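Got a model open and want to know where the space is and how the strands line up? Here's a quick run through it, question by question.

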Amino acid sequence: MSVDPKGCARVSIETQAPASDAFAALVDRDRLARWFGQPDRPLIAGGRTDIAFGDGDFFAVEDIEITPPTRLRYVWRFLGLGGRNLITWTVSSGTPTVVTVTDEEPDRSDQEVAVMCEGWADYLDRLSRHLATGKNTRYDWRRDVDGGVELRLSPEQAAARLFAAEGLDRWQPWRASNWQDGASLLVGDAEQPAKLRLTGFERAPTALRMEVTAPSWRAPTRCEVALHPRRGGSMLSFSHTGWEKIDPRDDVQRRQRERFCRLWIASVVRARELVGV
């Protein structure tokens, strides 16, 4: 019995669908969009595509290898930022057909592997239901915004450059009148609301926590930016939650969530440039 390498998440399902149909659901753009996400380009050997979820989240996919009808492999990065994860799909013909996904990232902890397995179990359940019914089984949208980017500096070195007030002004998604409770924030992406307010600001040596709200929002959103050790450097991670509370209308919640996902991606890319990585 083989042992999975460190950081590997592996999940399988059984389906009565033929192997050819199961494999098509993994590589065909229209089929993939009905249970997982929408590719912006076809999945072809040696190609690349972005698989988007309609809420700002996406995976940047590259180095695609296709061996129909049994194997699909590619490398992807969440939001085009994170570590390169090796994704391998295998389809074993028989009765039933077995579909297995492995997601490899050597630096994951055992806890992170467990969380990843839970996520893949949900996706494969959606795949199973799609194969059984042909229906759209995708989730509507994810309520949290989160992600991260790797830096070559240690958490302490990166914090010295990024978390000082003058550093924050150069990479955060908004410009602040100051970095204290009650400060005015201005977002310059030509969308509304453009004027926000900062509350609950907390500063730790390698983390920042804050609440951000707007006059038109019913409740504030909560942000956290943190630096963690990673591969001899650090991971700059971000989370921005609370979108389901800002407005009773689902389309408003989703639009603002998608907007701030874009803003945070651009923000951590600027942070990476500031530390010289």
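What follows is a set of questions and answers on this predicted model.

Q: Which helix or strand gives the most to the lining of the largest pocket?
A: Start with the elements that each supply at least two residues of that lining: strand 5 (71–78), helix 3 (110–133), strand 8 (145–151), strand 13 (221–230) and strand 14 (233–241). The pocket holds about 1100 Å³ of space. With eight residues, the top contributor is helix 3.

Q: Which residues lie nearest the centre of the largest pocket, and how does the lining split by class?
A: The lining runs to 30 residues, and those nearest the centre are Phe78, Asn85, Arg108, Met116 and Asp146. By class, the whole lining comes out at 11 nonpolar, nine polar and 10 charged residues.

Q: What volume does the second largest pocket have, and which residues are closest to its centre?
A: The volume is about 160 Å³. There are 12 lining residues, and the ones closest to the centre are Leu81, Gly82, Glu150, Arg231 and Arg272.

Q: Which element gives the largest share of the lining of the second largest pocket?
A: By class, this lining has four nonpolar, two polar and six charged residues. The largest share is three residues, and they come from strand 8.

Q: Which strands are the edges of the open seven-stranded sheet?
A: Read the order across the sheet: 1-7-6-5-4-3-2, with antiparallel pairing. An edge strand pairs on one side only, and that picks out strand 1 (8–15) and strand 2 (38–39).

Q: Which residue in strand 3 is the bridge partner of Gln38?
A: Strand 2 and strand 3 (49–52) run antiparallel and are joined by two bridges. In strand 3, the partner of Gln38 is Ala52.

Q: At what angle does helix 3 run to strand 1?
A: Helix 3 lies across strand 1, strand 5, strand 6 (85–92) and strand 7 (97–104). Relative to strand 1, the angle is about 20°.

Q: Which elements cover the buried residues of helix 1?
A: Helix 1 spans residues 19–27, and its buried residues are Ala19, Ala22, Phe23, Ala25, Leu26 and Val27. The cover includes strand 4 (58–67), strand 5, strand 6 and strand 7, plus helix 2 (29–32) and helix 3.

Q: Which residue takes a positive phi in the hairpin of strand 13 and strand 14?
A: These two strands pair in the antiparallel sense over nine bridges, with Glu224 standing opposite Ser239 in strand 14. The hairpin has two residues between the strands, and the one with a positive phi near 50° is Arg231.

Q: Which residue of strand 13 does Leu208 stand opposite?
A: Strand 12 (207–213) runs antiparallel to strand 13, and six bridges join them. Leu208 stands opposite Val225.

Q: Why does Gln172 count as buried?
A: Gln172 sits in the loop between helix 5 (165–168) and strand 9 (175–176). Beyond neighbours within four places in sequence, Gln172 is in contact with Trp179, Met210, Val225, Trp264, Ser267 and Arg270. Buried means under 20% relative accessible area. Gln172 counts as buried because its relative accessible area is 3%.

Q: What distance separates the C-alpha atoms of Gln172 and Ala266?
A: Along the chain, these two residues are 94 residues apart.

Technical notes:
Residues are numbered from 1 along each chain as its sequence is written. This is a predicted model: local features need pLDDT of at least 70, side-chain atom pairs count only at pLDDT 80 or more; totals for chains, interfaces and linings use all residues. Side-chain values use heavy atoms; hydrogens and water are left out. On a 1 Å grid over the protein atoms alone, a cavity is a set of points where a 1.4 Å probe fits but cannot get out, and a pocket is an open set with protein on both sides within 12 Å along at least five of seven lines; lining residues have an atom within 4 Å of a point. Grid points are joined across faces, edges and corners, and a volume is the space filled by probe spheres set on the points. Helices (H or I, at least four residues) and strands (E, at least two) are DSSP runs, numbered from the N terminus. Ala, Val, Leu, Ile, Met, Phe, Trp, Tyr, Cys and Pro count as nonpolar, Asp, Glu, Lys and Arg as charged, and the others, Gly among them, as polar. Two strands pair if DSSP finds at least two bridges between them. Contact means heavy atoms within 4.5 Å. Axes are lines fitted to C-alpha atoms, for helices over the stretch in contact, and angles run from 0 to 180 degrees between N-to-C directions. Buried means under 20% relative accessible area, exposed over 50%, partly exposed in between (1.4 Å probe, protein chains only).
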